[in-house]
Every structure is written in C-alpha cells, then in structure tokens.
Amino acid sequence: MASALNMPIPQSAADEVFDNLSRDLRSRQQSIAEITEMIHVASLLHDDVLDDAETRRGIGSLNFVMGNKLAVLAGDFLLSRACVALASLKNTEVVSLLATVVEHLVTGETMQMATTSEQRCSMEYYLQKTYYKTASLISNSCKAVALLAGQTAEVSMLAYNYGRNLGLAYQLIDDVLDFTGTSSSLGKGSLSDIHHGIVTAPILFAMEEYPQLREVVDRGFDDPTDVDVALDYLGKSRGIERTRELAAEHAKHAIEAINTLPESDDEDVQISRRALVDLTQRVLTRSK
C-alpha cells in the first residue's frame, strides 16, 4: 500500500525539508508494517489461549507447548514492543488509529464470547464482529501508511476501504474453509468454529433458507448430533455459495478503492496497485 501511494503530494514545506522527509518516509511506513504484524501475532497467541487451541498452522500452538501463562505473556510482550515502536513515530493520528485497532480486537473477542441468542443469529452483528476481529487491523494500518505519506483525507479513506473490504473477504472465505477445508490444508481442525459454538456466515445464510435451523443454533452445538443436523441443513442450502458471493462483493469493493486512487505513471506504483488487486483474488481462491 505504501508503494501504491508513492505519489507527489502538495508541498507546503521547503523543498530541502521535503526531501529529508521523503527519505525518512519509507522507514516510517515499514515501521507501520512491523507494528501491524506484532499486533497480529499477539492477537493469534491470545486467541489460541481463549480457544484452547492445540495447533496453529499445522504445528503445536504456544499455549499447548509452553502453557497458557507464557503464551499470554508472549502476546503482551509483542503488544508492548508495538506500543514502543508506535510512540517513536511521533504521529498522534497514527498512534490513535493503531491503538483503536487493539481496542477493536478486544471488543470483537468479547462480542464473540458474550452474545445473546438474537445477536448470534444476526448477520449485522456477525459482520461488525468480523470487522473488529479481522478487518480493523488491515484497514487502519493501510490508512496509517497513507497518513504518514501526507496523503489527502480522500486518499487515506480509499486505503482504509481497501483494507476493510479485503479483511472482510478474507474472513468470509476463512469461515467457508472451516466447513469445506481439510485439517491438513488449514493447519487446524475443520469445523472448529461450530464445535466452539461460533455461528458464522454460512450457517446464518442457511438459517434464512431453513428457519428451523434456528432451534439447533440456539442449543449451542454441545450435542454432536446438533452439529450433524446443522451440517445437513448447510449442505441443502446455498449458505456456502452465498458466503463466497458476499466475499466476492467485498473483494470487488476493495478493487474499486484501488482503481479510484489518483492516476500515476510511475511503474512501481502501478505494479504495487496490480499486486493489491491480485491479492483480493488470492483471498477468494485460497484453499488454506
């Protein structure tokens, strides 16, 4: 995204000052990428503790190998290092953006853990939770690199919208793969969400076609028989197909955001924009 936004901007400062800022900009944007990844990995470590996960991408999870206490501390350490790196950027708007991301991660996890029956069956609630848990990190880090580059509010919002829609598409496909993927390709046990009582888009769409599925969902999937019943309804419905369609819609919006960016003749900028567009397609077609 930083490369895709590497365009001339109105210069209010003297040329010499601007040149110094330009040389410094790339390393500051790289810091955003590093901070984003630290927040991301910290969230995975904490998620595995909350989910009692035994594996992560096909290998033993840290909490399983070393215990919950060390896994929590490892996540906390990464978050603290991210905060130190964030503070060193000395940009209050960027600090606020990425601090909000951490708040969103916690809010999303809380929304998943403490839901009413109505909320569990609401697509709007599901999408809001998905934004908090997955898309907020991507969208706000994309916006942060735009802000650091001194881009306009409009361009910064396009970067944000790309990240938001990419994140939502990614999670929607993740929810599909939880039903259709294999444990070996996903690096985690298939059907892990439903076994944890988590209702995702495929089941929500299936429920629209088969309202009787609501009774099964309300029972919480503690009984293996209810899981089988839910899967039977899902198989008869267009739940998987409609989830893929919704993901494709978000991917389309992400592409539109990139195509709306100000035009540039710079080859590196064009290559980076094509890569961002290609990424939306990789998200849709991935099998792991």
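I take a salt bridge to be a side-chain nitrogen of Lys or Arg within 4 Å of a carboxyl oxygen of Asp or Glu. The model I examined is predicted.

**Entry 1: arginine 238.** I looked up the partners of arginine 238 and found a salt bridge with glutamate 245, the closest N and O atoms being 2.8 Å apart. Arginine 238 also meets glutamate 241 in a salt bridge, at 3.2 Å from N to O. I then checked accessibility. Arginine 238 is partly exposed at 35% relative accessibility. Glutamate 241 is partly exposed at 42%, and glutamate 245 is likewise partly exposed at 40%.

**Entry 2: aspartate 48 and arginine 56.** I recorded a salt bridge between the side chains of these two residues, 2.8 Å from N to O. Is aspartate 48 buried or exposed? Its relative accessible area is 5%, so aspartate 48 falls under the 20% limit and counts as buried. Arginine 56, by contrast, is partly exposed, with a relative accessible area of 26%.

**Entry 3: the wider count.** I noted nine salt bridges in the structure. A network of salt bridges links Glu118, Arg214 and Asp218.

**Entry 4: confidence.** I read an average pLDDT of 87 for the protein, with 91% of the residues scoring at least 70.

Conventions:
Residues are numbered from 1 along each chain as its sequence is written. This is a predicted model: local features need pLDDT of at least 70, side-chain atom pairs count only at pLDDT 80 or more; totals for chains, interfaces and linings use all residues. Side-chain values use heavy atoms; hydrogens and water are left out. pLDDT is the predictor's confidence in each residue, from 0 to 100. Buried means under 20% relative accessible area, exposed over 50%, partly exposed in between (1.4 Å probe, protein chains only).
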